[in-house]
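Colleague: I would like to go through this model with you. Could you take my questions in turn?

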Amino acid sequence: MPTSAESRPSTQTLPAAYDSKIEGNVIFTQLDAAMNWMRKNSLWPMPMGLACCAIELMATASARFDIARFGAEVMRFSPRQCDVMIVAGTVTYKMALAVKRIYDQMPEPKWVIAMGACASSGGMYRSYAVLQGIDQLLPVDVYISGCPPRPEALIAGLMKLQDKIAGERSFTSQKRGLVDKIESLV
Amino acid sequence: MTGPELLASLSHLFGAKIREKKEFRGETSFVIDPGDIREVAKFCREDLSFDYLLDISSVDHFGEEPRFEVVYELYSMTLAIHLRLKVRVSEDNPAVDTVSDIWPTANWHEREIWDMMGLRFTGHPDLRRILMWEGYPYFPLRKEFPLEGLPSDMPDVAFTSAAPMEGGPFVTQPSTATTKDREPRARGPI
C-alpha cells in the first residue's frame, strides 16, 4: 500500500497540446482520480432509519441543509441501487440481521456510516435488546457522535467519507483481474 | 347509576370473589383468584359497562409466593371510572385464563406478558412472542434476568450477547478526559 503523497491519485490537470477544436474538452488525469471523483460526488445513500437519528437524516436531506449539495440526495429504498448505508438509530438484535442482509444486498463498492451514539456503540442502551454498535456486524467507515447528531455533523461525516473515497486506489484494488489482463497484454 | 356509586357498590357486587380490596387516592383495586378472572371480566364488561381494557401488566415479586401478579386496568367509557383487577400467579403454574375474547385488545397485551414475563394465557388464540423472536430462550423482565442480557443464538434469525455494563446501565465519569475515554465501553474489556 503506497503511503507517500506522490503516489496518491492526483486530481491535478495537465495542459493539453493546443488544438482549437478540442480545447477545453480534454482533461488529463489518473483513472483512479476520475473514478473516485465520480463516486464521491454521487453517493447514493441507503437510509437505514431505525430511531430518532432518522429524523435528523431526513432534515439533512431537506431544503435547509440540503445534502444534495454533496451529491448524496438520492435516498434509495432498494439496496441494489445504493453506495453508502447510513445506519441512523438503535440497532436492536431483532433488526440486526435484517440490517446485515440489506448491507449484503448492496453492490460493491459500498461504505457504511454509523450515525449517532446507538449505531456507533449501543449508546445509552446497555441492554439485552440492543446490539452494542453496528461495527460488530458491518465494516463501518465513518462514525458520527451525537444523540442524535445534528445535520451538520452528518454532512461533516459524509465529507469525511468523500475524503476517504478520494484517497482509495480504486482501479488497482477493485479491478485486479482487469489490471492483470492489461499487464499480461502489454 | 353514577360512577362513584358503582365503585362504592363493587364490593357488594363482586361478593365472595374478592380476596383483597385497596382504595388509594380514588383508585379502586381488587385482588381476585386467577380462576375467577374470566367470570369477573365478563361481568365487568357486560353488566358494569367497563368496555375499555386500558392495559394488562405483570409484576414479578421475586422471593415472594405467589411470585407473579397480573394487573388489569379497566375503564368505563359511559361512567368515566377506572377499576383495577389483580390476580396472583404462582411460579409452579404460571398460567392465567385469557380475556382476549372478552376484550380483543387483550390479545397483544397477553402476548407481551408471555414474551417478557413468561406467563401463559390458557385459551389464547395466538400465544406467540411479540417483541423478541420465536426461539429466544429467556424472559427478559423477570427479576433474575440480568439487565445486560445473556448470550443466545438462533441461526439466521437473531443472536444476542451481554452488553458491557462497566458499573451500571450507563455510567460515565466526570473528568477532563475526552468523550472517547470516558465512554463506559472504553474503560473495561467487552
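Colleague: In which strand of chain B is L54(B) found?

Modeller: This is a predicted model, and the answers below are read from it. In chain B, the stretch of residues 52-60 is a strand, and L54(B) is found there. The strand is β3.

Colleague: Does L54(B) count as buried, partly exposed or exposed?

Modeller: A residue is buried if 20 or more other C-beta atoms lie within 10 Å of its own, and exposed if 12 or fewer. L54(B) has 16 C-beta neighbours inside 10 Å, so its class is partly exposed.

Colleague: What is phi of R25(B), and is R25(B) buried or exposed?

Modeller: R25(B) sits in the loop between β1 (18-24) and β2 (27-32) of chain B. Its phi is near 50 degrees, a positive value in a residue other than glycine. With 4 C-beta neighbours inside 10 Å, R25(B) counts as exposed.

Colleague: What is phi of A80(B), and where is A80(B) placed?

Modeller: A80(B) is exposed, with 9 other C-beta atoms within 10 Å. Although A80(B) is not a glycine, its phi is positive, at about 55 degrees. Its place is the loop between β4 and β5 (81-89) of chain B.

Colleague: What is the radius of gyration of chain B, and how does that value stand against the globule rule?

Modeller: Chain B comes to five helices and nine strands, in the order α-β-β-α-β-β-β-β-α-β-β-β-α-α. For 190 residues the globule rule gives 16 Å, and chain B is well over that, so it is more spread out than a compact globule. Its C-alpha trace spans about 65 × 40 × 30 Å along the principal axes. The radius of gyration is 21 Å.

Colleague: What share of the residues of chain B count as buried?

Modeller: Among contacts in chain B with a separation of 6 or more, 43% are between residues 24 or more positions apart. Of its 190 residues, the buried share is 24%.

Colleague: What share of the residues of chain A are buried?

Modeller: Chain A has seven helices and four strands, following the pattern α-β-α-β-α-β-α-β-α-α-α. Of its contacts with a separation of 6 or more, 76% are between residues 24 or more positions apart. Among the 186 residues of chain A, the buried ones make up 34%.

Colleague: Why do the buried residues of α2(A) line one face of the helix, and what are they?

Modeller: Seen down the axis of α2(A), the buried residues fall within an arc of 105 degrees, so they line one face. Their cover includes β1 (45-49), β2 (84-88), β3 (111-115), α4 (116-121) and α5 (151-166) of chain A. The buried residues of α2(A), which spans residues 53-61, are C53(A), E56(A), L57(A) and T60(A).

Colleague: How are α2(A) and α5(A) oriented to one another?

Modeller: The axes lie 9 Å apart, and the packing angle is about 75 degrees. An angle of 65 to 115 degrees counts as roughly perpendicular. That makes α2(A) and α5(A) roughly perpendicular.

Colleague: Which residues make the contact of α2(A) with α5(A)?

Modeller: The residues of this contact divide into five nonpolar, one polar and one charged. From α5(A) come P151(A), L154(A) and I155(A), and from α2(A) come E56(A), L57(A), A59(A) and T60(A).

Colleague: Which residue does P109(A) follow through a cis peptide bond?

Modeller: P109(A) is in the loop between α3 (93-105) and β3 of chain A. Omega of the cis bond is about -5 degrees, and the residue joined to P109(A) is E108(A).

How values were computed:
Residues numbered from 1 in each chain as written. Chains lettered and ligands numbered in written order. Predicted model: local features only at pLDDT ≥ 70, side-chain atom pairs only at ≥ 80, totals over all residues. Helix = DSSP H or I, 4+ residues; strand = E, 2+ residues; numbered from the N terminus. Arc of directions from axis to C-beta. Contact = placed C-beta atoms within 7 Å. Axes fitted to C-alpha atoms, helices over the stretch in contact; angles between N-to-C directions. Parallel < 35°, antiparallel > 145°, perpendicular 65-115°, else oblique. Nonpolar A, V, L, I, M, F, W, Y, C, P; charged D, E, K, R; others polar. Rg over C-alpha atoms; globule rule 2.2 N^0.38 Å.
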